[in-house]
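Reader: I have not looked at this structure before. Please take me through it by question and answer.

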Amino acid sequence: MANARTATPSPSTSSSSSYSSSASDEDILRSLRRLARDLAAADPPAPFLRAVFASVSRRARLLLAVFDDLLLLGGALPRSASLCLREVLLVLQRFKAVVADCAARSRMRLLLQSDEVAARVRELQHDLATLLDILPVADLGLADDVADLLALASRQCRRRAPEPAAERELKAGVLALILEVEREIVPGRERLEAILEEVAINDPAGCSEEIETLEREIGDRVAERWTSAMIALVGLLRYAKCVLFSAATPRPLDSKVDVDLDNEDSDAAEPPAPPQDFRCPISLDLMRDPVVSSSGQTYDRESITRWFGAGKSTCPKTGQVLTNLELVPNKALKNLITRWCRENGVPMEVSGEPGKPGKPEPAPPVAANKAAVEAARMTASFLVKKLSASFSPGSDNRVVHELRQLAKSGGSGSRAFIGEAGAVPLLVPLLTSDDAALQLNAVTAVLNLSILEANKKRIMHADGAVAALCEVMGSGATWRAKENAAATVLSLSAVHTYRRRLGRNPRVVEEVVQLVRTGPSSTKKDALAALLCLSAERENVGRLVGAGAAEAALSAVGEEETATAVLASLAKRGGADAIVKIDGAVARLVAEMRRGTEWSRECSAAALVLLCRRAGAAAVTQVLAVSGVEWAIWELMGSGSERARRKAASLGRACRRFAAANVVQDRECVTSTTVSPRAVAAA
C-alpha cells in the first residue's frame, strides 16, 4: 500500500485540537504502545476472571503491532486520525485502570462483583471497537497485514464472549456456603480447600492478606450491596485458615516475639508497639476510631461507648463527672494513627465509618451478620479443641497464636466464643512456658480475652491464673510478655471485686511496683496504669504504699504522665503522709506542674491539693519552699484544662491561707513578747 503520510500536511490539517495541545502525535503513539504492551502482559487478577482478561490481552497484542508500525512510519498523523487515536488512548487507560483496580481488590470481593467487572470490560471493548471502526485506516499508510490486524481487533471487540459457567458455579458455591454456615452447618475441609484453590489462596500468608484486604474494604464501604456477604467471608476465611493451614508457622509480621532489653541488637519479628498516645486508656489497644469526651481526654469510640453503656458518667482517666456524654471525633489523631499503621504494616481495622456526634454508632459487622457469628464460633471451637489435644510446644504456639489473633480482631463475639469453648484453663499453664514465643502468645491471648467482662471472671476463677501472671511479670522471657501481663492485671482490676482481690495479693502488688521501677517505657506505662486502677480501692492503698508504690511512681514523674495520677490517687485515699515524707516529692510535683504534659500538670496540681488537705502544714510548707511555685500556679490557672485551673486555684488558696495564718501567729508572738515585761514591772 502506498504511503499516504509522506507529504507535509498543510497548516489547516495540522492545527492542534484540544487533545494535541498537550502532546505530539509521536508522544501519543508511544503512550499507546506502552499501554498496549502493559495490557498484553497483564496477568488476570484472579483465576476465575482469566477468560475475561485473556480477551483484553489478545486485543492489546493486536493493537501493539499496529502502534509499532505507525511509529516506524513516522511523520505527522492526519488530524482525524490523531483525534481518534487520542480517544483510543483514553479507552486503553480505562482498561488499565480496571486491571489495576481488580488487582487491588480482595479475591472474594472480586468474585462477588465478577459480573460487574465483566460488564465493564465489555463496555470498554465496545467503545474501543467504535473508535477502531471510525479510524481512517486508508490515510495512515499501514501495510495490508497490519490493517487486517486492526480490522480483526475491531471484530473481536464486538464479539460477545459467553459467560464462563465455572465462574458462576464458584460464586453460587460460595454464597451457598454462607447460607449453610448461617444454619450452623460446619463446612467440610475438602470443600473449603476446593474453594480457596479456585480463588488462588494457597497458603496462610495469602489467607491473612485476603482477610485484611476484606476488612479494609468493609470499613471503606466500597461495595454496599455485598457488605453482608463480605463480612461473612471474613469469618469463613478465618475458619478456613485454621482448618487448612493450622500446621503452618505464623508469619513474622503476625508473630509477636519481642526484643528483650538484654539483646537490643536483635531484629524484632513484629511491628513496633503502638506509641502510647495512640492507645486507648481503657482497653490499651491501638485506637481505631479516637474520640474526645467532654473532659478533653481521648478514647477509642468502642471502649468509651461501652463505659457509658455500663451506666457510668465519669471520665475513666481523670475520674471527673462529665457534663455531657457527647463524643467528638479526633480526626487529627486518627490521621496520625492511620499513617503509623501504614508505615509499620499494621492493619487499620475499622468496622465502619466513624459515627457523628449525636448519632448512634452502627453495630459492628460481626454482630449484625449471623454467618460471621457462626463462623467465629466454629473457629473458636476448632482452635480450643486442637489446643486441648496438642502435645507439642510448636503446635501449641501455632494454635495459641491463632487464638490470640482471633481474640484481637474478631471482636467481643469471638472473645466470648473462645471463653465459652474453655480456652482460659488451657492457656494458663502456657503462661509459664520456657518457650518465649509461646509465653508471649499465651499472655497476649489472655489479655485480649480479658477485655470481655465474662472472660474476666473465667480468668480470675481459673486455678493458678493470677499466680501465673505474677510469674510472667517477675520472670517473663521478654519485656513485651511482662508488659502484657501487667496490662492483664489492669484489665481485670476494672471490676470492683477483682480489684480488691488483686490488691490483697502481695505478689501482684510487688511485681507491678517492680515493673514501674525497672521496666522500659511501654512496660512502665502499663504497670503505672495497673497501679492507678488498684489504688482506686481505699483498702489497697496501705499495701501499695508499703510496697513502695509512691516511690516508684515518683521516680517515673516526668517520664510517664500516669505517674502523677497514681500519686494523686494514693494521696486521696490515705497515702498523703507517706508521699510528703519522701525526700523531694513535693518539689518534683511542683516541677511537673510547671513543665509536664497537660494531663500531667493537671494531676500534679490535684496531687498537691490533696497533700495540702491531708498532710496539712507539712505539705504546704514544702510547697511554699519551692522557688517559683506562685508563678507555676498562676500559669496553670491561665493555660490549663478546666479541671487543672480549678485545682491550681485550690492550691493557691491553700497556700495563701497558710501564709496568712503564719502572719497572724507571728504577730501574736511579737505582741506577747512586747507586753510581758510591762506586766512583770507593774506587778
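The questions below go from the whole chain to its surface patches, loops and salt bridges.

Reader: What does the secondary structure of the chain come to?
Author: This is a predicted model. The chain has 683 residues, and 51% of them count as buried. Its secondary structure comes to 32 helices and three strands.

Reader: What share of the contacts between residues at least 6 apart in sequence join residues at least 24 apart?
Author: The contacts in question are those in the chain between residues at least 6 apart in sequence. The share of these that join residues at least 24 apart is 73%.

Reader: How much of the accessible surface belongs to carbon and sulfur atoms?
Author: The accessible surface of the chain comes to about 31100 Å². The part of this surface that belongs to carbon and sulfur atoms is 53%.

Reader: Is W634 buried or exposed?
Author: W634 lies in helix 31, which covers residues 629-639. Together with W631 and M637, W634 forms a nonpolar patch on the surface, with about 400 Å² of accessible area in total. The relative accessible area of W634 is 59%, and exposed means over 50%. W634 is therefore exposed.

Reader: Which helix gives the most to the negative patch?
Author: The patch of negative charge on the surface gathers E169, E190, E193, E197 and E198. One of these, E198, is found in helix 9, and E198 counts as partly exposed at 40% relative accessibility. With four residues in the patch, the helix that gives the most is helix 9 (residues 189-198).

Reader: Where is E184 found?
Author: E184 has a phi near 65°, a positive value in a residue other than glycine. Its relative accessible area is 52%, so E184 is exposed. The place of E184 is the loop between helix 8 (165-182) and helix 9.

Reader: What is the relative accessible area of A200?
Author: A200 lies in the loop between helix 9 and helix 10 (204-220). Phi of A200 is near 65°, again a positive value in a residue other than glycine. A200 is partly exposed, and its relative accessible area is 31%.

Reader: Which residue forms a salt bridge with R238?
Author: A search of the whole structure finds 32 salt bridges. The closest N and O atoms are 2.4 Å apart, and the partner of R238 is E215.

Reader: Why are E374 and R377 separated by about one helical turn?
Author: The side chains of E374 and R377 meet in a salt bridge, at 3.4 Å from N to O. E374 is buried, with a relative accessible area of 6%, whereas R377 is partly exposed at 38%. They are separated by about one helical turn because they are three residues apart in helix 14 (residues 370-388).

Reader: Is R480 buried or exposed?
Author: R480 and E483 form a salt bridge, with the closest N and O atoms 4.0 Å apart. The two are three residues apart in helix 21 (residues 479-492), so about one helical turn separates them. E483 counts as buried at 3% relative accessibility. R480 has 12%, and since buried means under 20%, R480 also counts as buried.

Conventions. Residues are numbered from 1 along each chain as its sequence is written. This is a predicted model: local features need pLDDT of at least 70, side-chain atom pairs count only at pLDDT 80 or more; totals for chains, interfaces and linings use all residues. Side-chain values use heavy atoms; hydrogens and water are left out. Patches are made of residues with over 30% relative accessible area and no salt bridge: like charges are joined within 9 Å, nonpolar side chains (Val, Leu, Ile, Met, Phe, Trp, Tyr) within 5 Å. Accessible areas come from the Shrake-Rupley method with a 1.4 Å probe; for residues, only the protein chains shown count as cover. Buried means under 20% relative accessible area, exposed over 50%, partly exposed in between (1.4 Å probe, protein chains only). Lys and Arg count as positive and Asp and Glu as negative; His and the chain ends are not counted. The place of a charge is taken as NZ of Lys, CZ of Arg, CG of Asp or CD of Glu. Contact means heavy atoms within 4.5 Å.
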